[in-house]
Each structure stands twice: as structure tokens, then as C-alpha cells.
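Hi,

Here is the structure I promised to pass on. Have a look first, and then read my notes below.

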Amino acid sequence: APYCTVPHPVPLAAPPAATLSLPRIEAAPKIDGDLSDPVWRDALPAGDFVRFGGDGPVVERTEAWLATDGRSLFVAFRCHDARPELIRASETQRGGGGVGDDDHVQVRIDSQHTHRAFSTFTVNARGVQAETLEGGTGANWAWSGNWRAAARRVDDGWACEIEIPWKLLRYRKGARGFALALMRRVGRETNPVVWPPVPRPGQTEATLAPFLPDFSAPPLPDNPPRPVFLPFTLNT
């Protein structure tokens, strides 16, 4: 079974050098919330998630895996829950404000590797998506392509698979690194959990970006901006 955890060292107070390597896979997984896809066995397993912004113990265990096929970033979450009947998944509209109040997972990516800002991709236990893109990038999927996610309930919680095409993100030509953090929020808990561990000075929304841990990756695809022709009509 692909469900295993590998601990990683806690980063120092300053942003660390890229020490976690994102493995490259040959075939993309099917994004359906079923983690039995063998591709996850070759992915990077996350270590222990820790409390973000609080001192209490982690109540529910979270597992995650990451990989790339050179075109997209793939992330899988296994969200264990001893009280699955209490999982919140009320929001049904993409981009709805209620996603943040539900049980959800997040992928936060500093694709420009500046440690100043990041894009956030959020998925609730129903599979409903919400996102904010760094650098003023507009979330117009007709222009830049879409990202995909799927979630499903399991006996002891829920699972989620996410695909984020690199072309959605801004990065330098020939980039081989980025900063990233994975988070999970249990709707009935006060604080989320995060992996890799973030030192205490970075455990707020306002201070997180400089402390996002670094990852190395194969060269990201060269996706220069393309001209967009936008026809419109004006009626007065």
C-alpha cells in the first residue's frame, strides 16, 4: 500500500536551500480521488504534518505525496479522521467563500521562488476547488488552462488528488526550484496543520511566504506568454 510517511528535518529560521527533490513520473495519475493508482508509490511522501499557529497536538493524521511528469504538479492527500461523520463539506460552488470553512486541503506554491508571495490551491472534502494566483495572474481558464482536483470519502476520512499544470504559474525560464507547503484544515479544529514544518516566526498568514520550504525539480517546461485575441461587442 502507498500509505507511508517519511520524516524530514525541520527547516531553520531562514529559508533553507532546496533539499527536498520532487520526483519525475512517467505517467500521470487519474484524478479521481482514488489513491490506489501505482504512480503514488514513486512519489515523494510527506513527513509528519505539524500544527500551524498553535501549540496543541495534531489530532488527525494527514499523509500526502508529490510528483511531476514535467507538465504538471501532482499532489495526493489522505486525510484520516476518527469522526468522519463530522467532516464539513457544505460549499458546492467553485471559488465559493465557504470552502475555507469546510474540511479542506491546500497547496501553496511560490513558483517564482522569491519567498515573497505564493499561489494557493484549495480543495474541500467534496472536491470543490478555490484558488488565488500570485502576481496578479487572472484565473481565466480559457486563457491559461485549468487545474483539476477530485475528492472522495473513505472509511476513516477522505482522500484527494490534485493536478496543477506548470503553465498556470509564473516562473523564470529554466527554473529548477520553487517553494511549497501543504496544509490541511479540519473544520472543527481551530488551527490547520502544515508540511514541511514551518518555524514559529512563519506560522501566520502574513509571515508564511519567507519560510516556505524549498524544493528542487526537473527543469520546468518553457511556456512563454502567448498573445491573446479577445473579441468583444459593445452595445449602448
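First, a term you'll need: two strands pair if DSSP finds at least two bridges between them. Helices (H or I, at least four residues) and strands (E, at least two) are DSSP runs, numbered from the N terminus. Bear in mind that this is a predicted model, where local features need pLDDT of at least 70 and side-chain atom pairs count only at pLDDT 80 or more, while totals for chains, interfaces and linings use all residues. Residues are numbered from 1 along each chain as its sequence is written, and side-chain values use heavy atoms, with hydrogens and water left out.

Now the strands. β9 and β10 run antiparallel, joined by 7 bridges. They make a hairpin with 2 residues between them. One of the partners to look up is A149, whose bridge partner in β10 is I162.

Next, the rings. Phe, Tyr and Trp rings (for Trp, the six-membered one) pair if their centres lie within 6.5 Å; planes under 30 degrees apart count as stacked, over 60 as edge-to-face and the rest as tilted. By this rule there are 4 aromatic pairs. F178 and F215 are stacked, at 5.9 Å centre to centre with 10° between the planes. F178 sits in β11 and F215 in β13 (residues 214–216), so their pair ties together parts that are 37 residues apart in sequence. Ring pairs also link W166, F178, W195 and F215 into a cluster.

How buried are these two? Buried means under 20% relative accessible area, exposed over 50%, partly exposed in between (1.4 Å probe, protein chains only). F178 comes out at 1% and F215 at 0%, so both are buried.

Finally, S111, in the loop between β6 (104–110) and β7 (119–124). S111 is buried too, at 2%. Its side chain makes a polar contact of 3.1 Å with that of E134 (N or O atoms within 3.5 Å; within protein, one must be able to donate a hydrogen and the other to accept it, and residues adjacent in sequence count only if both atoms are side-chain atoms).

Cheers
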